[in-house]
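Please look over the structure below before reading on.

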4 protein chains.
Amino acid sequence: MRSGMDVRIGVIGTGVMGADHVRTLATSVRRAEVVAVSDLDQERARAAVAGLGDIRIVEKPTDLVAAEDVDAVVVASHDDTHEELVLACLDAGKPVLCEKPLTPTSDGSLRIVSAERDLGRRLVSVGFMRRYDPGYVAVKDALRQGTVDAPLMLHCVHRNAEARPNLPSSALIAGSAIHEIDVARWLFEEEITRVTVHRPRRSGRVVGETSDPLLLVMETTSGVLVDVEVFVNAQYGYDVRAELVGETGTLSVDDPAAVVLRTTRSRSTAVVQDWRDRFADAYRLELQDWVAGVAVGQQRGATAWDGYAATAVAEAGIRALETGSPSTVHLEPRPSLYHD
Amino acid sequence: MRSGMDVRIGVIGTGVMGADHVRTLATSVRRAEVVAVSDLDQERARAAVAGLGDIRIVEKPTDLVAAEDVDAVVVASHDDTHEELVLACLDAGKPVLCEKPLTPTSDGSLRIVSAERDLGRRLVSVGFMRRYDPGYVAVKDALRQGTVDAPLMLHCVHRNAEARPNLPSSALIAGSAIHEIDVARWLFEEEITRVTVHRPRRSGRVVGETSDPLLLVMETTSGVLVDVEVFVNAQYGYDVRAELVGETGTLSVDDPAAVVLRTTRSRSTAVVQDWRDRFADAYRLELQDWVAGVAVGQQRGATAWDGYAATAVAEAGIRALETGSPSTVHLEPRPSLYHD
Amino acid sequence: MRSGMDVRIGVIGTGVMGADHVRTLATSVRRAEVVAVSDLDQERARAAVAGLGDIRIVEKPTDLVAAEDVDAVVVASHDDTHEELVLACLDAGKPVLCEKPLTPTSDGSLRIVSAERDLGRRLVSVGFMRRYDPGYVAVKDALRQGTVDAPLMLHCVHRNAEARPNLPSSALIAGSAIHEIDVARWLFEEEITRVTVHRPRRSGRVVGETSDPLLLVMETTSGVLVDVEVFVNAQYGYDVRAELVGETGTLSVDDPAAVVLRTTRSRSTAVVQDWRDRFADAYRLELQDWVAGVAVGQQRGATAWDGYAATAVAEAGIRALETGSPSTVHLEPRPSLYHD
Amino acid sequence: MRSGMDVRIGVIGTGVMGADHVRTLATSVRRAEVVAVSDLDQERARAAVAGLGDIRIVEKPTDLVAAEDVDAVVVASHDDTHEELVLACLDAGKPVLCEKPLTPTSDGSLRIVSAERDLGRRLVSVGFMRRYDPGYVAVKDALRQGTVDAPLMLHCVHRNAEARPNLPSSALIAGSAIHEIDVARWLFEEEITRVTVHRPRRSGRVVGETSDPLLLVMETTSGVLVDVEVFVNAQYGYDVRAELVGETGTLSVDDPAAVVLRTTRSRSTAVVQDWRDRFADAYRLELQDWVAGVAVGQQRGATAWDGYAATAVAEAGIRALETGSPSTVHLEPRPSLYHD
């Protein structure tokens, strides 16, 4: 990094998530300068940068990683491309913020962990933005302060308004519940060891064969039980909530509503329609912290190890879904690089 | 009263309120037996008692008051009839529960107070049912326990979905805000001394000349300030709320919602459409307490004095509305019959 | 029943629940007259009726059942006595409201079902009072009206402040979760077929060997998934909540709070300390409906079959708790007496 | 402004508010560079910039305004200094964000308005940050969309935990209620014409002669009624709320709570202790928008005219407080510079 200067960022993938990152970085993040973006669909890339100043479009993502004027990289392209791109960043010695999941399988994540371990320093951050959400942060703070004493259970709800037709059922775990997997690991600072998946009746609103909703039940090393309803065709909106049950009380996090409307027989607050609204602040704070970390040579947020562990738990969940039986999580030993 | 037996009740007036009292007494109040009802509209009277057993229709309300088998009377007929009927009950030595307001003017109420004072015992109860609402009761209990220390202000909202066309503006005070007048007197156990009325722009939904909404500002003997929004064409529903501000905190009472619905982009609870839903429990408890009191020869709930004081405050409010200036409340001395 | 007269009731068991029923019947239920109570502890029996008028104490519960002046019986004694007492009521041809669980095991409940079937008419009601709670009733109404379309899941929380030391873990299912078992059967109008029990880490506040909390996961005939957290040493209070997830939305029921207190850095509502506060209204409405039904010769509320089915599900839950594996519910065919 | 470069900012006044602005600008605002601060108390100035990089301390605020490397100025010093400093910024042709109130009296604000009118372009922004609060913004958006039809009333509560001893009563209006004055003007896009002030009994917690709390009642041109409780010794926390009443419904804004704690008999959310917590987001967004505007040569947020009008309303309020009678607001004609 050039000291005292802005962090020059290249963003790979300008779909919904990537385009949102580009806009946030270019309007609300201090010391960030988006210099280049790359996308298979150049039209989409152009749309993503329109009106945001002088940002060039790079055809090949690996060229973007290699570019002289790119200090750090955001990877928000298709999950299948994550491993290659993150490894390229490690090769180039450039900090990278990779959207979740780090890779589709734990093997890929493990290769990233190994490469980083060999490099001897942490350059990879994984986009588990809930670690920056003020509500989740307040829950973690209260838990640490002993407000509810030792944790026993965590009840989670993760609902999306609609998913694409024929979404593989495994995506409810690997793509959605993976957030709760990371939240649990981060809150309790311990690993998840076992996963059971219960299948309710499929919603009649599901288009295709997706088994939706699902109920995951996970256990941590110390025996905390984490249950997660994942329902990606909930119709009414995007709704993420959690209640942590401790020995002397509970802590609940919901989408805080600033405005109450009373009209036509009801008193109501709005339910957002997607994660960008619900977690706008978390994404901004995540990007701000990442950029501030890059500027001083520090990795911030979830690590490659966190990314790997989450995919390993998700894999166990997918096995449990397929077999109908509880499944044990297999984790390699944690390299000392990730002991902090 | 015949000891150990049911209280035989006659109900005068079977409009919305009266019919509701008949039904509550006949289905949910212990030791109550409705034996007779009376209404100008005999059809309406018949409808009110249909399916509730053997209840006779009495043409003249004074006959109902005089009837041998009527132990106690509920007056829920037109406000203009209250004075005559309550005085008839006093003459007959029968307990009477009179709907609010006790009478349209304070003169009439004062005549009732005088008659009762001359009789030397309290037979009149006034239907200020909020004194029985669990929320208001909890606020009063907390206030007495010093939960928020000494009271300073009370903010009130009193909204109805719709009023009849050309309702006199004075009815917003004498018919609606009179509940808040009684609530303030009951909560703070002191009199209201002065009333100011502010007129916002009239709602375009008002049919006719009613000045709706209004904002009343009242002061009690010790200087507690009570403001009341009265809005009888609020369209969206019946909404009664209050916040008591004390020296160290506040107590708010709202319509408690048992069920939260999440659907189509919103999280909502129902707003009721009229007072019967909002205060069903308060009415039932009021009637139960009244009947239990009658059975043991005790007057319960708001007294004739409370009815008189409330009408005197309402009159001051109506003067303030008409003159646009603050108006002082004139109260006669309180007879010792009402010192308890 | 003597037509037009009060229902003369005998109450067996004057512990917390029984004494509460006596008081409610004697002060708030129309057409109910408690004429006799019975308890192993005569001191406790006397305390339960003190100040409630002329109620005699009967030493032997079976004498109370047989008494000429007892029209109907409430059984609120120890669970182990239910079967004998309910059968005695059937023998005597007297309506009986039996507290939950109907019997400790499904065998006992089945014997009651058989006896009632042989009798050919329904006299037994089971005290599943949540069927009368305004919140649960509103959820059922909304579900029937299609407000959230077809049901998929029901998330439940059932917490008590404290349980007695060394409470058998099975009691969390047979004594507590049995309410959620009945709620699910009643809401969805179908049977529960399978139960899994997950054990979180035991709370350090538990005195003795009780496995507390537990997480039950149950499936209904059509595949609705019902999860229930049971936590009987939750310390902070009595807390019962549920969220029904439908295809287009959700319905949540919580303890409605009438008053919000703002003081010393917090905005709060009270959490009750036991079920009597939370479900006072439900108990009153249940007793009122039961008495009104007795007066006209109709059985109301949960039937002996409902009581049997709930114990059968609880037994499957206890097997699942002991074996650590999912357990199937065994139900005998439903006699036509219970087809309505 | 140097195109494409950061906006170099000087901050005058590093008390609570100023120090907070320095920290926000230096950590969370894009394209902002704090280059200099000034404060009477140099120790305080040094503390405010500690750890925030290379920011110099300038002894005389006018030197800071004049400094070559200062592009724009934030004025957060004592209210009495605002006029001189803002005029100096206008002289220097530099954009300035001045904390509220623009000046202690309307005369001073009018001189700023005149100077800016003579200059022919708007350089002054006033720190009415609620215009950036997501809750208030949502209320304004909903109002514009007709969600509750035409506005009729606005009920406001503005509470601080504690004020300094012997705070002049006028400060409750000029320092606190001035936010609600601006909110009302901004929401309804019309002027306030009349103010009445009601005095409740003084809280026993007030140290000194401050008349606390107060209730202001204000009217706008079209007759919308705005009532404001100002209570600066409310003890329990900082609490700002509002309910806008329209012809078909209402919109309420409160401090959204992300986390609900259940413990020891209560369900609670935190009440913040000061405005920095409540409006942290609003301040950040205000500063971000101001900096973005400076970078492109545009004035953003409340104008000098808004600052003037608010002080004129506050003056009328202070007259009303002193005289006990309604007071009319006197406003000079609005220069065309402020017609947009």
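The model is predicted. Chain C and chain A meet through 38 residues of chain C and 38 residues of chain A. About 2,800 Å² is buried between these two chains, and carbon and sulfur atoms give 57% of that area. On the side of chain C, the residues that lose the most area to chain A are His198(C), Arg201(C) and Glu247(C), which together make up 22% of what that side buries.

Eight salt bridges are counted between chain C and chain A. One of them joins the side chains of Arg241(A) and Glu243(C), with 2.8 Å from N to O. Several strands of chain C each supply at least two residues to the side that touches chain A, including E8 (192–198), E11 (239–246) and E12 (249–253). E7(C) gives the most, with six residues. By class, this side of chain C has 14 nonpolar, 13 polar and eleven charged residues.

Chain B holds an open sheet of six strands, paired in parallel in the order E3-E2-E1-E4-E5-E6. Strands E3 (56–57) and E6 (124–126) of chain B are at the edges with a single partner strand each, so one side of each has no neighbour in the sheet. Within the sheet, E4 (72–75) and E5 (96–98) of chain B run parallel and are joined by three bridges. Here Val73(B) stands opposite Val96(B). Helix H1 (16–28) of chain B packs on the sheet, where it touches E1, E2 and E4 of chain B, and its direction makes about 155° with that of E2(B).

Methods:
Residues numbered from 1 in each chain as written. Chains lettered and ligands numbered in written order. Predicted model: local features only at pLDDT ≥ 70, side-chain atom pairs only at ≥ 80, totals over all residues. Heavy atoms only, no water. Contact = heavy atoms within 4.5 Å. Buried area = accessible area lost by both parts, 1.4 Å probe. Salt bridge = Lys/Arg side-chain N within 4 Å of Asp/Glu carboxyl O. Helix = DSSP H or I, 4+ residues; strand = E, 2+ residues; numbered from the N terminus. Nonpolar A, V, L, I, M, F, W, Y, C, P; charged D, E, K, R; others polar. Pairing = 2+ DSSP bridges. Axes fitted to C-alpha atoms, helices over the stretch in contact; angles between N-to-C directions.
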